[in-house]
Amino acid sequence: MEQPQIEDLNVLMKRRLEELEELKKRNVEPFAYSFGDIVKSSDIKTNFKEDEQRQVAVAGRIMAIRRMGKASFASLQDEDGKIQIYLKRDEIGEAYENFKLMDIGDIVGVKGFAFRTKTGEISVHTRELVLLSKSIRPIPIAKEMTDEAGNKVIFDQFVDKELRYRQRYVDLIVNPEVREVFKKRSQIITSMRQFLDSNGIMEVETPVLQSLYGGASARPFITHHNALDVPLYLRIADELYLKRLIVGGFHAVYEISKDFRNEGMDKTHNPEFTMMEVYVAYRDYMWMMEFVENMFASIAQKVFGSLTFNFEEHIIDFTPPWRKISMVDAISEKTGANILELSDKELELLAEKSGVAITGKQSRGKLIDELFDLTVQPGLIQPTFITEYPIETSPLAKKHRTKEGIVERFEGFVAGREICNAFSELNDPIDQRERFMDQMKAREMGDDEAQQIDEDYVRAMEYGMPPTAGLGIGIDRLVMLFTNQSSIRDVLFFPQMKPEKQ
């Protein structure tokens, strides 16, 4: 939708400001302090009975007005939807005259009784009308018209993606289906908490500001603490702090938190995002696979009442068990090559042939990872666990108990997107230090996402860390899947945007 011309907007706002001043002259408070107890529009409709005049109080934003001289109808929108109100001059007197100075977008409170109109619409017969907030800036309301062929045409819709993300408050007002996505997001997170709590896992909080970032391969945001005169980092993951708690004696902990990574933005990435990480002592990654299947099934059934979902052109079925295949076998299915049997040069040639951009700085594990991303990941439509990752790309996971060069790790993929990552957590401090040293070598080779040595974390492990299974789930991507949204920006109230041009 195109923005109104500045001069047109100024005229509309000028008229509304004049109405505001006139209301003040009539001793009408245009920005009220409260209205009292109200019911939702959905409650009025659900509990309506033909044989009683139920007294109700409802508040919301005026979305349409139909004036008819001595009586008027208006459509009132609250969080749950819309309800019609009926106003009659002979019954509300002065308030009816004040209503003439109200516009679409104004927020009002109404007291009266529920009734059904002659056309069958459940409405509120107004006995008291109170202006709660005067809208100075007009909201973009879609208009309908019928063309010569009798087809309904809708125009002036608020559909411009960038405008919707920048002005989410307007988007929520005029596109009610957007509110439903965020209601589902809240329910998904609540359901996840309930599942974790019911399994005896304790919710905890760990630092957002960290003196040393870790737990993932990513670039951090850097800030400065003035009093201590030290650099600090916004966390890129919760992992190392949560595992410190396992060392300290907690059996199972989880955190739902904001993490921050200084990376590019696309349909599945935002620099600020929500993660759930959980760690359970005395378990391994095989146990965690079943845990993930059960958690997804529980959330899907509780929030949506189904285990099958439409996502873009696919029908996704979350019914356990999910398919399980090793990364080596998955790449072999697509390329015909066993990557464990290839020399470094042969692997590089295969990767280049498959479309990987060769920089000369990639480790063997990094090449395998990028080869997988291009050849396998796009085809992982139904829920699938990819297992057994290269040790070079998994510095916090235990070595596989029977296979060389790989670790006990899985990632869950749905609709070609990664939605979770899990390990049998590395609990050998000597091995951990060596892995950190390998990561530092990768940094020296130019990998600015490689991890640093966290000496305090190694020290914690030296006190003894029990066998542990760990899991991370990207909440935003999970919500995208369940609500059929193609971009992460559609499941974030306020996604990161370039600065607005004035």
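Q: Which residues on the other side of α11 are exposed?
A: Lys345 and Lys353 are the exposed residues there, where exposed means over 50% relative accessible area, buried under 20%, and partly exposed in between, with a 1.4 Å probe and protein chains only. The model is a predicted one, in which local features need pLDDT of at least 70 and side-chain atom pairs count only at pLDDT 80 or more, while totals for chains, interfaces and linings use all residues. Residues are numbered from 1 along each chain as its sequence is written, and side-chain values use heavy atoms, with hydrogens and water left out.

Q: What makes the buried residues of α11 line one face of the helix?
A: In helix α11, residues 344-353, the buried residues are Leu347, Leu350 and Ala351. Seen down the axis of α11, these residues fall within an arc of 100°, so they line one face of the helix; the arc is that of the directions from the helix axis to the C-beta atoms. An α-helix has 3.6 residues a turn, so residues three or four places apart point the same way.

Q: Against which helices do the buried residues of α11 pack?
A: They pack against α10 (327-335) and α12 (364-375), helices being DSSP runs of H or I with at least four residues, and strands runs of E with at least two, numbered from the N terminus. After α11 comes Gly355, whose phi is positive, near 110°.

Q: Why is α10 called oblique to α12?
A: The two helices pack at an angle of about 55°, with their axes 10 Å apart, the axes being lines fitted to C-alpha atoms over the stretch in contact and the angles running from 0 to 180 degrees between N-to-C directions. That angle makes α10 oblique to α12, because under 35 degrees counts as roughly parallel, over 145 as roughly antiparallel, 65 to 115 as roughly perpendicular, and the rest as oblique. On the α10 side the contact is made by Met327, Ile331, Lys334 and Thr335, and on the α12 side by Ile368, Asp369, Leu371, Phe372 and Thr375, where contact means heavy atoms within 4.5 Å.

Q: What makes α8 roughly parallel to α14?
A: The axes of helix α8 (residues 239-247) and helix α14 (residues 455-462) cross at roughly 25° and come within 9 Å. The crossing angle makes α8 roughly parallel to α14. In this pair, Leu240, Lys243, Arg244 and Val247 of α8 meet Asp456, Tyr457 and Ala460 of α14.

Q: Why does Gln439 count as buried?
A: Its relative accessibility is 7%, and therefore Gln439 counts as buried. Gln439 belongs to helix α13, residues 429-444. Leaving aside neighbours within four places in sequence, Gln439 is in contact with Ser217, Glu392, Pro395, Ala450 and Gln451.

Q: Why does Asn27 count as exposed?
A: At 72% relative accessibility, Asn27 counts as exposed. Asn27 is in the loop between α1 (6-25) and α2 (41-46), and although not a glycine, Asn27 has a positive phi of about 60°.

Q: Why is Asn484 called partly exposed?
A: Asn484 has a relative accessible area of 33%, so Asn484 is partly exposed. Asn484 lies in the segment after α15 (475-483), and has a positive phi of about 60° although it is not a glycine.

Q: What kind of peptide bond joins Pro320 and Pro321?
A: The bond between Pro320 and Pro321 is cis, with omega about -5°. Pro321 lies in the loop between β15 (314-317) and β16 (323-326).
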